[in-house]
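Please look over the structure shown here. A report on selected features follows.

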Amino acid sequence: MSDVTLDALPPRRFSWRRRILEGGGLWPAVPALVYLAVFLVAPIVTLLGFGFVTLDRGQVADGSFTLEHMTGVLTDPLVWRLTWRSFWVAVVATTLTLFLAYPVAYAFSHLQGIWRTLLLVAIISPLLTSALVRAYAWIVILGGRRGLLNQTLLSTGIIDQPLQILNTSMAVLIGMTQIHLPFMILPLLAVLAERDRRFEEASLNLGAGQVATFFKVVVPMSLPGIVAGFALVFAVSYTNFIIPQLLGGGNYSTLAVQVYEQTIVVLDWSRGAALATLLLGSCFLMILLITAVGAHLTRWSEVPK
Amino acid sequence: MTLSRRHFLGTGAALGAASFAMPGLVRAQSSRELIVVSFAGQLQEPHRWLADQMEAEIPGLTVRLVPSESQDIVAQIKAAQGFSPYDVMPNGEPPHLIAQTEGYIVPLDAAAVPNAANVEPTFMALANGFGVPTSYSLIGIAYNEALVETPPTSWEDMFAPELRGMVGFPRASSNLGLGALVALARTRGGSESDLEPGWAALEELQPVIGRSPSQLIQMLEREEIAMAPIWNNDAAGAAGKGLPIRFIMPDPGPIVVLSMTSQIEGTQHPDLVHDWMNRLLSPEYQARAADAPYFFGPTVTGVPVPDAAAEYTPTTPEALARLQTVDWSVIAPQRGEIVDRFDRTYS
């Protein structure tokens with residue numbers, strides 16, 4: 001009875017103010033949301049909008065809405081070739097980071113005291129230098145006859161002709177895997193370090209071996225970390241512009257590199273914006289797919305309703 | 001006229017505000033900033049020398065040099081929709097033409113830049129009435145002495161069979177790439193309006209593509225490539241650091257590209273821009289920029305090329321006559337297509 005009476009009452013006027021003061025609901029996020037709307041959403045919408053209008057000397061021509069740039073991009077075989085390249089480089093680099101990151105995160109969860117701190121410092125320290133510096137470091141290591149790698153291999157007599165690694169897909173993959181490794185380790189670390197060890201003890205007690213316990217208990221428990229790391233590293237690898245630019249050489253292009261070329265070099269902003277729309281849209285779809293697959297794989301962890 | 005109280009107060013407030021603002025206005029007059037687009041690294045030093053002189057002579061003036069590629073600057077001016085953050089910029093001939101048609105630079109006020117009268121008339125004509133030619137650079141061939149036994153003498157020498165896979169080439173989006181493509185086309189009987197032989201020559205050359213002149217120099221240094229078309233100034237900079245990189249002016253002649261300094265549309269300080277342009281054409285600046293280690297070709301008549309520049313700049317009338325000019329007005333309209341074709345071939 002009392003419920004009905006309460007529902008019938010008009011909403012009280014001070015409720016909004018009270019909610020702000022009490023910090024409930026979405027309100028605490030408002031400053032961040034306003035910031036994102038002004039400095040992220042608005043510029044992105046403007047940029048993407050440029051893909052659907054004709055620009056004349058930096059001004060939008062009146063009544064010039066057109067799908068021409070978008071269809072031009074979508075029907076261009078070069079664009080699809082570069083999209084495919086961006087995609088597979090990102091998938092391979094992300095998979096490699098997963099295989100390299102998992103043992104590190106697993107080891108972290110078994111370390112104690114000073115060793116644990118040292119490992120954490122080692123994982124985070126590459127983030128203290130910019131990706132640009134790390135890409136240049138790879139140029140020094142991989143580059144030509146005078147690169148560290150070739151010099152070592154040539155002087156020890158293992159090879160007699162320098163290996164051609166820099167300015168190939170291989171260099172881009174190596175660079176991307178190393179540079180993005182911390183983004184995979186950190187989510188895995190959070191999940192693996194906090195996991196409930198009693199499940200493993202139970203598995204061992206019930207007769208499963210170490211290997212079976214690892215694959216059937218530890219790995220499934222770390223799936224949320226794997227999914228988060230995979231989505232994160234895929235997104236930054238797929239849209240990365242600096243690493244292909246520096247390590248892939250002048251013959252190498254990806255979708256992100258094309259966005260730069262069209263916007264800065266050719267000054268065709270409409271095509272650049274149409275390419276950016278494709279890059280952003282396809283990346284968004286892939287992230288949705290990764291999270292959907294992740295949700296499917298971890299559905300056992302949810303309490304049935 | 002009757003003065004109401006409100007009117008009186010309003011006027012008083014305005015006067016008060018003005019008196020507060022006046023010192024600010026005076027300050028703004030005496031402290032001004034000229035923002036000049038410049039070159040990167042060592043090549044900026046002649047500009048810095050000139051800027052220091054100008055700052056010493058004009059009280060309150062700060063000259064800020066911004067090292068940047070002209071293509072990035074043009075993109076920024078375009079993004080600013082005419083409200084350029086820069087006052088004056090040097091452009092190679094291709095972007096100079098594009099900046100004219102897009103309206104980013106303004107025609108030269110010759111009376112305000114008296115030294116423009118001393119510029120070599122053939123060079124001055126190429127400015128099309130916009131800006132002044134302040135230097136010239138050459139596109140020739142740079143090679144790594146450790147890898148090339150017989151130094152090249154002509155453009156054709158890049159095709160030597162023993163160099164296969166070891167020749168670098170710049171992307172066609174840069175002035176260097178466009179100039180080198182024209183040089184190849186001409187070597188094989190083509191021209192600015194018929195670049196097809198140049199494209200065929202590129203296919204035969206199977207070059208390693210460098211994204212920028214500095215990347216090509218680095219590739220030469222790391223011995224990834226043995227030879228590449230390059231700017232004389234960049235090759236000189238590398239050789240000056242002790243690297244085994246030499247520059248030649250290949251037969252039938254190196255490509256000459258003028259650098260035009262222009263006033264950017266919408267500048268707040270046209271007087272300072274004119275002063276800057278005039279000083280760039282002074283014999284002192286021209287001689288300094290032409291000397292080691294910069295080797296910017298002088299555009300003012302009567303400025304001698306120093307002996308140290310012999311490897312990088314023509315010193316004799318015969319060598320000057322060998323310089324190959326390019327009709328950029330034919331290339332500029334095709335630039336988008338050329339870049340696109342290059343992207344499709346080398347991506």
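Glu223(B) is partly exposed, because 19 other C-beta atoms lie within 10 Å and a residue needs 20 or more to be buried. The model is predicted. Glu223(B) sits in the loop between H8 and E7 of chain B. Its phi is positive, about 60°, although Glu223(B) is not a glycine.

Phe295(B) also has a positive phi, near 60°, and is a residue other than glycine. Its place is the loop between H11 and H12 of chain B. Phe295(B) counts as buried because it has 28 C-beta neighbours inside 10 Å.

## Cis peptide bonds in chain B

The loop between H11 and H12 of chain B also holds Pro293(B). The peptide bond from Ala292(B) to Pro293(B) is cis, and omega is near -5°.

Another cis peptide bond joins Asp251(B) and Pro252(B). Here omega is about 0°. Pro252(B) is in the loop between strand E8 (245-248) and E9 of chain B.

## Strand E7 of chain B

Strand E7 covers residues 227-231 of chain B. Five of its five residues are buried, so the strand is largely enclosed by the rest of the structure. In a regular strand, side chains alternate between the two faces of the sheet. In E7(B), Met227(B), Pro229(B) and Trp231(B) point one way. Ala228(B) and Ile230(B) point the other way. All of these residues are buried.

E7(B) pairs with strand E4 (residues 132-144) of chain B. The pairing is antiparallel and runs over five bridges. Ala228(B) in E7(B) stands opposite Ala142(B).

Met260(B) lies in strand E9 (residues 255-263) of chain B. It counts as buried because it has 27 C-beta neighbours inside 10 Å. Leaving aside neighbours within four places in sequence, Met260(B) is in contact with Pro90(B), Asn91(B), His96(B), Ala127(B), Gly131(B), Val132(B) and Pro133(B). The C-alpha atoms of Met260(B) and Asn144(B) are separated by 31 Å, and these residues are 116 apart along the chain.

Met124(B) belongs to helix H5 (residues 121-126) of chain B. It is partly exposed, because 19 other C-beta atoms lie within 10 Å. Not counting residues up to four places away in sequence, Met124(B) touches Val119(B) and Pro133(B). Met124(B) and Met260(B) are 136 residues apart along the chain, and 9.4 Å separates their C-alpha atoms.

## Chain B as a whole

Chain B has 14 helices and nine strands. Its C-alpha atoms fill a box of roughly 95 × 45 × 35 Å, taken along the principal axes. Of its 347 residues, 45% count as buried. Among contacts in chain B with a separation of 6 or more, 70% are between residues 24 or more positions apart.

## Where chain B meets chain A

On the B side, 26 residues are in contact with 23 residues of chain A. Four elements of chain B each supply at least two residues to this side: helix H3 (70-79), strand E6 (208-210), helix H8 (213-221) and helix H14 (335-345). H3(B) gives the largest share, six residues. By class, the side of chain B that touches chain A has eight nonpolar, eight polar and ten charged residues.

## Helix packing in chain A

Two packed helices are described by the angle between their axes and the distance between the axes. In chain A, helix H14 (residues 255-265) and helix H15 (residues 269-297) pack at about 160°, with axes 8 Å apart. H14(A) and H15(A) are therefore roughly antiparallel. Their crossing is left-handed. Residues making the contact include Leu255(A) and Val259(A) of H14(A), and Leu275(A) and Leu279(A) of H15(A). The residues of this contact divide into eight nonpolar, four polar and one charged.

Helix H9 (residues 169-193) and helix H12 (residues 223-238) of chain A cross at roughly 155°, and their axes come within 8 Å. H9(A) and H12(A) are therefore roughly antiparallel. The crossing of H9(A) and H12(A) is right-handed. Among the residues making the contact are Phe183(A) and Leu188(A) of H9(A), and Ile226(A) and Leu232(A) of H12(A). By class, the contact of H9(A) with H12(A) has 14 nonpolar, four polar and no charged residues.

Definitions and conventions:
Residues are numbered from 1 along each chain as its sequence is written. Chains are lettered from A and ligands numbered from 1 in the order in which they are written. This is a predicted model: local features need pLDDT of at least 70, side-chain atom pairs count only at pLDDT 80 or more; totals for chains, interfaces and linings use all residues. A residue is buried if 20 or more other C-beta atoms lie within 10 Å of its own, exposed if 12 or fewer, and partly exposed in between; C-beta atoms are placed from the backbone. Two residues are in contact if their C-beta atoms, placed from the backbone, lie within 7 Å. Ala, Val, Leu, Ile, Met, Phe, Trp, Tyr, Cys and Pro count as nonpolar, Asp, Glu, Lys and Arg as charged, and the others, Gly among them, as polar. Axes are lines fitted to C-alpha atoms, for helices over the stretch in contact, and angles run from 0 to 180 degrees between N-to-C directions. Angles under 35 degrees count as roughly parallel, over 145 as roughly antiparallel, 65 to 115 as roughly perpendicular and the rest as oblique. A crossing is left-handed if the near helix is turned anticlockwise from the far one by less than a right angle, and right-handed if clockwise. Two strands pair if DSSP finds at least two bridges between them.
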